[in-house]
Every structure is written in structure tokens, then in C-alpha cells.
Amino acid sequence: MDLFFLKKAVTPFLLPPGLFIVALLMAGALMMRRRNYPAGMFCIVAGLFMWGFSTAPVADRLIGPLEAAYDIPRSLKGDVVVLLGGGIRDGAPDLTGEGTPGEEMMTRIVTALRTQRRLNVPVIVSGGTVVPGRAPEAQIVRRFLLDLGVPPEKVLVEDKSRDTVENARLSRALCARHGFKNPLLVTSAFHMRRARLAFVREGLAVTPLPANFRTWDKKKYVWLDYLPDAGALGDSATAIRERLGLLVATFYAAKGKRLP
């Protein structure tokens, strides 16, 4: 085997989560050899499950149906862009200040920026402080939008919300205050279904504009995609968390109750 491909095949098992998978499988095999079958089977099954969730095909099967709920509109129409927060590094050094958006948030920012330039409409940046002592997400995102050329008067900040429900509640109030009737909602594709439901529950009709698709039709996989990968494991965890959040939101909607 070519040294390059050997390196690619071995490296995933020297780093987490592959390292933990190897440890679980080896521990399981050792316990089975010592006739401790229940513990051995547990370790082997746990290792195989972790391997599965750490591969791109499994992660895509989990997150794909969430992303398939909404396509990117062919014709963009709206009077404001509502940009939902997606994570920051609040103390990270940056060219123009302190704090940077995370990778997930950067894709949302780029989508919102391109839309703002195309339509010349304001952007509502929604995202506050989830944990006390941290910087409000919206303020850091605002700085990036200004650095990227959006006029200050075109950026409105909502920096009190802590989750998707409060994003919707406080953004609706801001839209009402400024007379916006047709907002375009920008968030990650996997998050759009739950986000739109939150806005609908608040009585605000939005046009979904999903960003950062991880899956697409006829996506092809190579052998490397079936090896353990931390990014794929993260996508699996994201999909499971989002499905749990959607389950709670759907339950409250079915009961006709206001989301907490």
C-alpha cells in the first residue's frame, strides 16, 4: 500500500475518537477472552456505535432530513435579514477587537452579508449571552459585519436572547418596532426547521434562508469517510441535539402552549 494512503488509514485511529474506539474494542476483546462476556460485549458494542456515529455517512443520515426541510429561495425578497447566532469565541484576539465568530457562525454571517448587499436591507443580529460573564454574541457579529462593509445604520442588534425561542421573541419585537414585515431568516440548514417554528409561534412569518448545508443530493463517499472523524462525530451530536430540541418545540406547539 502507498505510504500516503497508509498514513491516511492509520491516523484516524491515533486521534480521538478513533483512539477511544480502538481502546474500547481492545478492552472488549480482552474481556471476552477472559470470559467476562457481558462487559466484553458492552465495550465492543459501545466501540462500534462510536465508530458509526463518527463516520460521515451516518452523520449525514442523521442531519440530512433536518437540512432537507427548506431549500435556498430562488428569488430573494424581504425587507430585513434576521441573523441568528451560532457560536463565538468571545476572548479570542482579532484584527479589530476581541472575540471572533465560530466556524458555524461565519457561514451564517457570509450568507447574511451577501443577502444584505444584494437587497440593500438592514440586518438584525440576534444573540445574547448564554453564560454569565461572556460577551454578547451579537456585538461581536456586528463588528464583523461592519468590518466587511455593512453600513452601521444597516445593522440592528438584539443582544439579550439566550436561545432560539428568545431569538424569535425579541427579533419579532424589533421587527414590529421598525415596521419590518417580510424578514429573511438566516441560520444553519439543520437548525432552520426549529428556528422557523419558533418564529411562527411568535406570530412572525419569515422566509427561510438556510446556510451551511452539510448534505446534498447524490453526495458521494470515499473510503476515508468510513473512518472515525471528530468532525463527523460532532455532526452526529449536533443532529441528535437538534432533534431533541425540535421534539420539545413540536410538543409545545401541539399542546398550543407558549414555548418556555
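Trainee: In this predicted model, which residues are in contact with Val81, leaving aside its neighbours within four places in sequence?

Mentor: The contacts of Val81 fall in several parts of the chain. Once neighbours within four places in sequence are set aside, Val81 is in contact with Ala112 and Thr115, with Val121, Pro122, Val123 and Ile124, and with Leu184 and Val186.

Trainee: Which residues have the most contacts inside the largest nonpolar core?

Mentor: Val81 is one of them, together with Leu83, Ile109, Val123, Val125, Val141 and Leu145; the core has 18 residues. Two or more residues come from each of β1 (80–84), α5, β4 (123–126), α6 and β6 (183–188). Helix α5 gives the most, with 4 residues.

Trainee: Which residues does the second, separate core include?

Mentor: That core has 16 residues, among them Val80, Leu185, Phe199 and Val206.

Trainee: Which residues of α5 and α6 meet, and how do they divide by class?

Mentor: From α5 come Met105, Met106 and Ile109; from α6 come Glu137, Val141, Phe144 and Leu145. The contact holds 6 nonpolar residues, no polar residues and 1 charged residue. Ile109, Val141 and Leu145 have been named already, as they are among the residues with the most contacts inside the largest nonpolar core.

Trainee: Which residues of α6 are buried, and what do they pack against?

Mentor: The buried residues of α6 are Glu137, Ala138, Ile140, Val141, Arg143, Phe144 and Leu145. Just after the helix, Gly149 takes a positive phi of about 105 degrees.

Trainee: Which residues make the contact of α7 with α8?

Mentor: Thr164, Val165, Asn167, Ala168 and Ser171 in α7 meet Arg194, Ala195, Ala198 and Phe199 in α8. By class, this contact has 5 nonpolar, 3 polar and 1 charged residues. Phe199 also belongs to the second core.

Trainee: Is Gly203 buried or exposed, and where does it lie?

Mentor: Gly203 lies in the loop between α8 and β7 (207–211). It is exposed, with a relative accessible area of 64%. The C-alpha atoms of Gly203 and Arg169 are 9.2 Å apart, although 34 residues separate them along the chain.

Trainee: Which residues have a positive phi although they are not glycines?

Mentor: Arg35 has a positive phi of about 70 degrees, and Asn120 has one of about 55 degrees. Arg35 is found in the loop between α2 and α3 (37–53) and counts as exposed, at 64% relative accessibility. Asn120 is placed in the loop between α5 and β4.

Trainee: Which residues does a cis peptide bond join?

Mentor: Pro16 and Pro17 are joined by a cis peptide bond, with omega about 0 degrees. Pro17 lies in the loop between α1 (3–10) and α2 (18–33).

Trainee: How many helices and strands does the chain have, and what does its C-alpha trace span?

Mentor: The chain has 9 helices and 7 strands. Its C-alpha trace spans about 70 × 45 × 40 Å along the principal axes. Of the 260 residues in the chain, 40% are buried. Among contacts with a separation of 6 or more, 71% are between residues 24 or more positions apart.

Definitions and conventions
Residues are numbered from 1 along each chain as its sequence is written. This is a predicted model: local features need pLDDT of at least 70, side-chain atom pairs count only at pLDDT 80 or more; totals for chains, interfaces and linings use all residues. Side-chain values use heavy atoms; hydrogens and water are left out. Contact means heavy atoms within 4.5 Å. Ala, Val, Leu, Ile, Met, Phe, Trp, Tyr, Cys and Pro count as nonpolar, Asp, Glu, Lys and Arg as charged, and the others, Gly among them, as polar. A nonpolar core is a set of buried Ala, Val, Leu, Ile, Met, Phe, Trp, Tyr and Cys residues joined through side-chain atoms within 4.5 Å. Buried means under 20% relative accessible area, exposed over 50%, partly exposed in between (1.4 Å probe, protein chains only).
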